[in-house]
Amino acid sequence: MTTVAGGVGDGSNELGPLHLALVECHREKMTTTVVVRQKYLNASGRYLYLFEFENAESDPQIPGHSK
Amino acid sequence: MSSTRRLDVLANEWVIFATSRQNRMYKPPVDLCPLCPLSVTEPQFTEIPTPAFQVAVFENRFPSLSTIETYEQHQLPEPYQVSPAYGHCEVIVYSENHELTFSDLTLERIQLVIHAWIDRTLDLESDSRVSYVMPFENKGELVGTTLSHPHGQIYAYPDIPPVVAVRLTAAKEFLASTGNCLQCTILTAENVEKQRMVATNSTWIAFVPFAPRFPFEVHVVPLRHVPSLTDLSELEIRELSQLLSKVTKGYDNLWGFSLPYVMAIHQRPSNDFDWREPCHLRIEFKPFHRSADKVKFLAGSELAAGAFVVDVLPEEAAAQLLEAMR
């Protein structure tokens, strides 16, 4: 597992207009894939965690549903 | 926002009071959905302000349990007790797509959800004041879901919740009297009888329990004695995704509509290794329907006496589910 510390509130890792600051990033290597977890702090002081597989397929779409 | 607990002394059980939850969003339209990403919903409404995501977890804005402990302590007459409702409440969002349900997820996405459950269990358990972490999902309006976007919740309780405690005590007593794990013994029995089994693979089994509270209840259990999500192997994670997909798809095929249910993960209590031997991981699905157009309501006998009356034999329910999963 690899940990990359981000700078909380320093603006360098902000995402979008709501000032989401990256706190840390974990990469956990499994046998066939890598699970990435990014931890953010939002403007109201609550944590948000984003999980993803590297090179994952996209979500299935419901026919007729457009975003 | 802090919450409090009052002891129901008649049952010796804590009841949580989280009045701030009265103000949470109730079935907002998609452009105001707090679980959609920036590409769909208005920036000021989303809890996940990123253009896209796979699986997201965030601290609930309207938590039932909280790490903020500000409440006025009054002198209470005997036998009343009140305490802060300490704990954590998180929301887990399975997909950025507002229209999906768990049964629509790819196996890969379900595996990522399982990895997120494991990560959050480990993290929340690191709080020494947390005694029990339970991921769960309320699916559908019938069971009180207020947001239709596919999501579940993860609660970290300050003590072992009452329903879990009863089951853990039964498992501990069985171990003490027989020397065997209760759930392992149940798996052996289900493998002998087979008539309630609805799905299986090399590491998991799904079956309607011998004495369910709800007619189409299903338990998904690892064949190996695994106390917690955090003990699962990679193979077990992959194969769990297969069975969770199969069970939820089967539910939707059963009567041709997206079946509401409560799904809950029962695992060993946090930071207490005494529970590793008696506790065996179990994922419980409890749908409220007893037929396509009839719902099992909890009424006099169930709510007042705790004596459940079930309208369908589990062997008949398993046969119907098995057919729906083909």
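A salt bridge here is a side-chain nitrogen of Lys or Arg within 4 Å of a carboxyl oxygen of Asp or Glu. Keep that in mind, everyone, while we look at this one.

This is a predicted model, where local features need pLDDT of at least 70, side-chain atom pairs count only at pLDDT 80 or more, and totals for chains, interfaces and linings use all residues. Residues are numbered from 1 along each chain as its sequence is written, chains are lettered from A and ligands numbered from 1 in the order in which they are written, and side-chain values use heavy atoms, with hydrogens and water left out.

So, where do the chains meet? Between chain A and chain B there are three salt bridges. One of them joins B:Glu47 to A:Arg46, with the closest N and O atoms 3.1 Å apart. In contact terms (heavy atoms within 4.5 Å), 28 residues of chain A touch 35 residues of chain B.

Helix 1, residues 107–125, and helix 4, residues 234–255, have axes that come within 9 Å and cross at roughly 115°. Those axes are lines fitted to C-alpha atoms over the stretch in contact, with angles running from 0 to 180 degrees between N-to-C directions. Which residues of helix 1 meet helix 4? Among them are B:Leu107, B:Ile110 and B:Trp117, while the helix 4 side includes B:Ile237, B:Arg238 and B:Leu244.

Finally, strands (DSSP runs of E, at least two residues). Three of them in chain B form an open, antiparallel sheet in the order 2-1-4; pairing takes at least two DSSP bridges. Strands 2 and 4 each have a single partner, so one side of each lacks a neighbour in the sheet.

Technical notes: Helix = DSSP H or I, 4+ residues; strand = E, 2+ residues; numbered from the N terminus.
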